[in-house]
Amino acid sequence: MAHIESNNLTEAYPMVGGDDAYSYANNSTYQRGVVDAAKELISEAIADKLDLKILGFDDTLKPFKIADLGCSVGPNTLLAVQNIIEAIELKFQRTTNLHQKPSALEFQVFLNDHSDNDFNTLFKSLPHARKYFAAGLPGSFHSRLFPRSSIHFVHTSYALHWLSKVPKEIVDPCSPAWNKGSIQCSESNIEVVRAYSTQYKNDMESFLNARAEELVPGGLMVLILAAVVPDGIPLSNSYVGVFNNILGSCFNDLAKMGVLSEEKVDSFNLPTYNATPKELEAIIRTNGNFTIEKMEKLSQPRRRITANEYASGIRAGIDGLIKKHFGDEFVDEIFNYFTTKVEENYSIIEEKIRNMRWPYHLFNFLENVSGVTTAPKSTVKPVAITMKNQSVSSLEVDAEDGNSLEFVWQLFINGGPHNPWLPTCLQKKFAEMVGGEYLLETFPPEVVI
């Protein structure tokens, strides 16, 4: 059975929800550019590597299941899904015995992020005339999310640099890896680098192992990593390092002014790690569950943006993290000061970034070769769930032989876009009734099971 409860051990700080001035939806144009830049590479990879016969689509029809992990609130995730579906439809039309009816292929898309993600905004942004059935999927992608061998294609973009947690060593004043004076992986202290890289390696190992179980044999996965640090370049001299250093200096300045607690500043670290291409490749190859079909630098046109756009984009990503650590009352002052510092150093920042030729994104296309098969057959009767006022009132499970069975529960919840996703009381009640572990999906409106 999948150990779904491990999701609760992950530190979760979703992007800013809603559609206001600081929301991720209104401050992710840059990330959309990465999705656009990856479209052709994804289409080529699907055309070359997607084997519909191995996946069982050569002469039969069944839902093609796609998962986007770290979806946030849209609209970028919906654009990525559309690009993937168009490429799969083209492949299907050209290669299967059912090419005369490409519209017969149905898609089921799972949009995943932490349970605190703003799924309401995501559901409300779903296009009405879409070619797929959609479901929200709460939980950390560092552990299992789906039943075994149930997904055909996995996509994730701008998400895998997030760690499941800050390494405990770097916030311990008694540890040689204490990261005092920095908010990121500082190469000036080898112990800090070791702590961050070990956490990243462990998280990626968990991610790959989980996907190996969930993807069908021969299933494909696209990983687009943000701001990967080129081999041999210190993080502090990279694109992402420039802004992390400025933000860190803001915390130090505000502590000296007496606005922020020095103790709070010393204990703040970003739960992110930007790996090098060699580092990532070694992790994937050592894991052994996937073959690397393609790994290359992903470029996109760069436009000049203002200091306020820089600050708003970063705030959309880490606003929740700042609030949790420093308190709501300090967020505006921190980012106002950050914007001012970016404005004061704008020309220097632009020149440095231009000379670096960053950001540097990495497109990775992997195939599942783990050989995982579906779970052994067992005698299971349908599960009947009665819903009343968003609570489970009854549950009926029968086994033909009268013995108790071990289940992997997959619970689907349907409701309108204004429904309070996710209903914690429902999750708790269902967990009590089935013994704890389950896989939970939420369907937006207009979806019929």
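Here, buried means under 20% relative accessible area, exposed means over 50%, and partly exposed is in between (1.4 Å probe, protein chains only). This is a predicted model, so to speak: local features need pLDDT of at least 70, side-chain atom pairs count only at pLDDT 80 or more, and totals for chains, interfaces and linings use all residues. Residues are numbered from 1 along each chain as its sequence is written, and side-chain values use heavy atoms, with hydrogens and water left out.

**View 1. Lys 39 and Glu 86 form a salt bridge.** A salt bridge here is a side-chain nitrogen of Lys or Arg within 4 Å of a carboxyl oxygen of Asp or Glu. In this pair the closest N and O atoms are 3.9 Å apart. The two partners come from distant parts of the chain, 47 residues apart: Lys 39 sits in helix α1 (residues 29-49) and Glu 86 in helix α2 (residues 76-95). Helices (H or I, at least four residues) and strands (E, at least two) are DSSP runs, numbered from the N terminus. Lys 39 is partly exposed, with a relative accessible area of 36%, and Glu 86 is partly exposed too, at 35%.

**View 2. Glu 89 meets Lys 131 in a salt bridge.** The N to O distance for these side chains is 3.2 Å. Glu 89 lies in helix α2, while Lys 131 is in the loop between α3 (119-124) and β3 (132-138), so this pair ties together parts that are 42 residues apart in sequence. Is Glu 89 buried or exposed? With 16% relative accessibility, Glu 89 counts as buried, whereas Lys 131, at 46%, counts as partly exposed.

**View 3. Arg 194 pairs with Glu 191 in helix α4 (residues 190-214).** The closest N and O atoms of this salt bridge are 2.9 Å apart. Because the two are three residues apart in the helix, about one helical turn separates them. Arg 194 is partly exposed, with a relative accessible area of 44%, and Glu 191 is partly exposed at 29%.

**View 4. A network of salt bridges links Arg 144, Arg 148, Arg 211, Glu 213 and Glu 214.**

**View 5. Gly 17 sits in the segment before α1.** At 22% relative accessibility, Gly 17 counts as partly exposed. Leaving aside residues up to four places away in sequence, Gly 17 touches Ser 23, Val 73 and Asp 118 (contact means heavy atoms within 4.5 Å). Gly 17 and Val 73 are 56 residues apart in sequence, yet their C-alpha atoms are 6.4 Å apart in space.
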